[in-house]
Amino acid sequence: MASGTKKKGKPNAVKAARASVVAKKGKPWGTIAAVVAVLLLAGGVFGYAYVKVSAAEKFLPADDNKDPSEKIAGVVRQTYSPGQHVDATQRVAYDQSPPFGGPHDGVWADCTGIVYPTAVRNENMVHTLEHGAIWIAYNPDTVTGPALDKLKSLVDNKPYMVMSPYPGLDRPISLQSWGHQLKLDSADDERIDQFIRSLRTNVYQHPEPGGRCDSNGTGFNPAAPPPFVAEQPGPDAIGMDGKPVTPAPPAAPTSSAPPTQ
Amino acid sequence: MGNQAGDRADEGQTAGTAKRSAVVYAAAALAVLLVGAAIGMLITLSAVGRDDPPGADSVDVGFAQDMRTHHLQAITMAGWARNGSQDAEIRQLAFDIESTQLDQSGQFSGWLTAWGQPALAPIDQPHMRWMAGAAHGHGDGPAGTEQMPGMATSEELARLRNSTGAEFDVYFLQLMLRHHEGGLEMAAYAADHARLGYVRNMAAKIKQGQQAESTLLTDMLTARGSKPLPS
């Protein structure tokens, strides 16, 4: 046995060497399988964790995600002072159209999931935003039929949602939340859902957490809301600082004959 | 010849093994990194919702209990004004204050329930002890106070309730203004010192909102030919 083994030793060694060379040129399947299995497992664990974390961060307001709308392209942000009121006869010279913050009527428009068929006075709508509502404004000339129905379905009977036509809107759709606006062209845009998820009653973003959505007979009739006024407000309007817009300096002779340059 | 071939084969084998080990080590390192990153993310995720609830002596609990008590009196006064005033502007503002503070007081009691704390401080416990670090100028110090700033007395409440018309309107505005201003100190302290982010957020919102409403109340008093109560 021993001698036989020894005798065959040399040729066997060569054979083994050759075999190992052959094996090296081929694939070490066992090792590959083991490596792939470990990588798949690790990748799976990583993937699970990643999905969990990104799901937690996506459009869900939380203490560590105070403004999820930062991840939405196209959102315009502006900081406004809360709690400045005007009365039913006054107008505010808003800095944005549609406005999404600033002085507003003491009474809010009802925002208990109401789809207003007619355009509503801005000063009442802005107060709904202070309470955490989302206002969907649309251009009645460009948003009709199925697109309009889709928007209505997002609002109808949903708390802290309100919708109204906005004549002359520069884009088909405009979403408003206090200090946030997103203008869009399509009712099918996924950012509509993202905006609503991110900002509706987001206590980190609107000034009055807990503010109510029904006006309860305090001066706003949702069945006959005060109408939207398209004309620019006059010099008697209230400015964004809550103070009357100071009229332009008295028209001196110089202003009637401006210097030509 | 045979020996040389064998040596070459051994060298080849060694090189091949080294290459293979490198791949295995690299894969192992990658696996460790991936799992490590995953664990890190999951720990962060679970840590977010896993704070120990604040204790009985914390700023968070003290603020929630005392601000709830403070809010409840404003809700009472605003409810009277919403029902009883003939002045539309006052009714609107009263309803706004009443409904907002009622919701906030519900948030406070919800937090306190979840934290395993009473929704109101014990009757015999002084208010604002949790503000021991603040110099709030009422001479109460760390011992707290029986009467929070801005709170109306039972006599004042009775007088408000028994008045009508313009007298009611003005007295309501005066009491509510003093009430709003009195709550600012607590809100400001909690906005800076509460442990939980959502408590700090609410305190900051109350501070900002009541400051703005105080201006409004002052303007409304002026417009009705009156002025704030002497401090």
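Cys111(A) and Cys213(A) are both buried, and a disulfide joins the two, with 1.8 Å from S to S. This is a predicted model, so please read each value below as computed from that model.

- A disulfide is a covalent bond between the sulfur atoms of two cysteines.
- Over all chains, the count of disulfides comes to one.
- Cys111(A) sits in the loop between β3 (104–105) and β4 of chain A, and Cys213(A) sits in the loop between α5 and α6 (253–256) of chain A, so the bond ties together parts that are 102 residues apart in sequence.
- The torsion about the S-S bond of Cys111(A) and Cys213(A) is about -100 degrees, which means that the disulfide is left-handed.

**The sheet in chain A**

- Strands of a sheet pair through backbone hydrogen bonds, either parallel or antiparallel.
- Strand β1(A) runs antiparallel to β8 (residues 180–184) of chain A, and two bridges join them.
- Within this pair, Gln181(A) in β8(A) is the residue that stands opposite Val76(A).

**A closer look at strand β7 of chain A**

- Five of the five residues of β7(A) are buried, so this strand is largely enclosed by the rest of the structure.
- In a regular strand the side chains alternate between the two faces of the sheet.
- Ile173(A), Leu175(A) and Ser177(A) point one way from β7(A), whereas Ser174(A) and Gln176(A) point the other way; all are buried.
- Four bridges connect β7(A) with β5(A), and these two strands run antiparallel.
- Ser174(A) in β7(A) is the bridge partner of Ala137(A).
- Strands β7(A) and β8(A) also run antiparallel, with five bridges between them.
- Here Ser177(A) has His180(A) of β8(A) standing opposite.
- A hairpin is formed by β7(A) and β8(A), with two residues between the strands.
- In the turn of that hairpin, Gly179(A) has a positive phi of about 80 degrees.

**Chain B as a whole**

- Along the sequence, chain B reads α-α-α-α-α-α.
- Chain B has 231 residues, and buried residues make up 45% of them.
- Taking contacts in chain B between residues at least 6 apart in sequence, 76% join residues at least 24 apart.
- Chain B has an accessible surface of about 11400 Å², and 56% of that surface belongs to carbon and sulfur atoms.

- Helix α4 (residues 154–162) of chain B has the buried residues Glu156(B), Leu157(B) and Leu160(B).
- Looking down the axis of α4(B), these buried residues fall within an arc of 100 degrees, so they line one face of the helix.
- The cover over the buried residues of α4(B) includes α2 and α5 (165–193) of chain B.
- Turned away from the buried side of α4(B) is a face that carries the exposed residues Ser154(B), Glu155(B), Arg161(B) and Asn162(B).

- His70(B) belongs to helix α2 (residues 59–84) of chain B.
- The relative accessibility of His70(B) is 1%, so this residue counts as buried, the cut-off being under 20%.
- Leaving aside residues up to four places away in sequence, His70(B) touches Met148(B), Pro149(B), Gly150(B), Met151(B), His179(B), Gly182(B), Gly183(B) and Met186(B).
- Ser214(B) lies in helix α6 (residues 197–223) of chain B.
- Ser214(B) counts as buried because its relative accessibility is 6%.
- Leaving aside residues up to four places away in sequence, Ser214(B) touches Leu177(B), His180(B) and Glu181(B).
- Ser214(B) and Glu181(B) are 33 residues apart along the chain, and their C-alpha atoms are separated by 6.8 Å.

How values were computed
Residues are numbered from 1 along each chain as its sequence is written. Chains are lettered from A and ligands numbered from 1 in the order in which they are written. This is a predicted model: local features need pLDDT of at least 70, side-chain atom pairs count only at pLDDT 80 or more; totals for chains, interfaces and linings use all residues. Side-chain values use heavy atoms; hydrogens and water are left out. Buried means under 20% relative accessible area, exposed over 50%, partly exposed in between (1.4 Å probe, protein chains only). Contact means heavy atoms within 4.5 Å. The arc is that of the directions from the helix axis to the C-beta atoms. Two strands pair if DSSP finds at least two bridges between them. Accessible areas come from the Shrake-Rupley method with a 1.4 Å probe; for residues, only the protein chains shown count as cover. A disulfide is a pair of cysteine sulfur atoms within 2.5 Å.
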